[in-house]
Amino acid sequence: MCIIAVSKAGIRQPSLDTLRTMYDNNPDGAGYMYARDGRVHIHKGFMTWNDFERQIKAEAFTKADPVVYHFRISTQAGICPTMTHPFPLTDDLKMCEALDLDCGIGLAHNGIITMTSFKKETRYSDTAYFIAWYMKKLIRNREDITDVAVTDMIESLTNSKWAIMDSTGDVETVGNFTNDKGLLYSNTSYKKYPKTTIKAPYKWSWEDYYGGAYGVPFDV
């Protein structure tokens with residue numbers, strides 16, 4: 001369910017081939033954020049590979065650019081441009097829907113947040129709800145991003161992985177990321193798998209979560 005790729009300043013960018021693999025394995029929309037001129041710039045809502053590829057080529061990022069990429073598999077709020085990642089740090093849910101914006105801190109998420117997940121269809125994803133209702137209280141300033149007590153709390157509450165970028169371009173990760181020659185990935189879906197082992201991208205469902213392997217013992 002989703003993948004985050006992090007290229008910190010001084011680290012090469014993922015190749016177009018790797019970006020395409022992540023998109024193919026997580027095909028419900030993509031986005032990215034980078035820091036420049038004292039702001040985090042977020043662009044998201046790319047629902048086809050061609051649109052995403054065109055935008056990334058236009059950006060022409062180099063190893064000097066800190067960039068966080070996100071490719072989504074929808075678990076709540078459906079497949080829609082507005083709930084692709086990244087999101088700004090905000091307590092205003094409507095801001096989470098913006099496709100192009102500048103902010104002080106941006107976030108990308110990989111996982112399912114039980115405390116903000118609902119069986120019925122909602123306008124916003126579990127990530128957007130958590131950011132607006134809780135994350136804005138946990139991260140009050142830029143220094144909190146590097147506070148281990150804060151990041152440990154975020155991991156404990158969400159049981160998820162996060163990439164958090166501030167306006168200087170610093171990127172802090174929450175949870176275990178794979179380091180592949182400097183690039184950080186929240187899971188291994190950046191790799192190409194033999195066609196015999198994966199027939200199609202995994203499509204997540206509430207039936208899996210509430211009645212299947214996850215065995216969640218309560219109703220919401």
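These legends describe close-up views of a predicted model. Residues are numbered from 1 along each chain as its sequence is written, and side-chain values use heavy atoms, with hydrogens and water left out. As the model is predicted, local features need pLDDT of at least 70 and side-chain atom pairs count only at pLDDT 80 or more, while totals for chains, interfaces and linings use all residues.

**View 1. The open sheet of 4 strands.** The strands follow the order β5-β7-β8-β9, with antiparallel pairing. β5 (87-88) and β9 (171-174) stand at the edges with a single partner strand each, so one side of each has no neighbour in the sheet. Strands are DSSP runs of E with at least two residues, and helices are runs of H or I with at least four, both numbered from the N terminus. Two strands pair if DSSP finds at least two bridges between them.

**View 2. Strands β8 and β9.** β8 (residues 161-166) pairs with β9 in the antiparallel sense over 4 bridges. Ala163 has Thr173 of β9 as its bridge partner.

**View 3. Arg72 in the loop between β4 (67-71) and β5**. Arg72 is buried yet has no salt bridge, and the nearest side chain of opposite charge, Asp28, is 6.1 Å away. Buried means under 20% relative accessible area, exposed over 50%, and partly exposed in between (1.4 Å probe, protein chains only). Lys and Arg count as positive and Asp and Glu as negative; His and the chain ends are not counted. The Arg72 side chain reaches the backbone oxygen of Gln76 at 2.8 Å, and a polar atom of this side chain lies 2.8 Å from the backbone oxygen of Gly78. Leaving aside neighbours within four places in sequence, Arg72 is in contact (heavy atoms within 4.5 Å) with residues including Cys2, Asn26, Asp28, Met83 and Ser125.

View 4. Asp24 is partly exposed at 37% relative accessibility, and Arg20 is partly exposed at 35%.

View 5. Asp51 is partly exposed at 33%, whereas Arg54 is exposed at 54%. Lys57 forms a salt bridge with Glu53, their closest N and O atoms being 3.4 Å apart. Lys57 is exposed at 52% relative accessibility.

Technical notes:
Salt bridge = Lys/Arg side-chain N within 4 Å of Asp/Glu carboxyl O. Polar contact = N/O pair within 3.5 Å; in protein donor to acceptor, adjacent residues only side chain to side chain.
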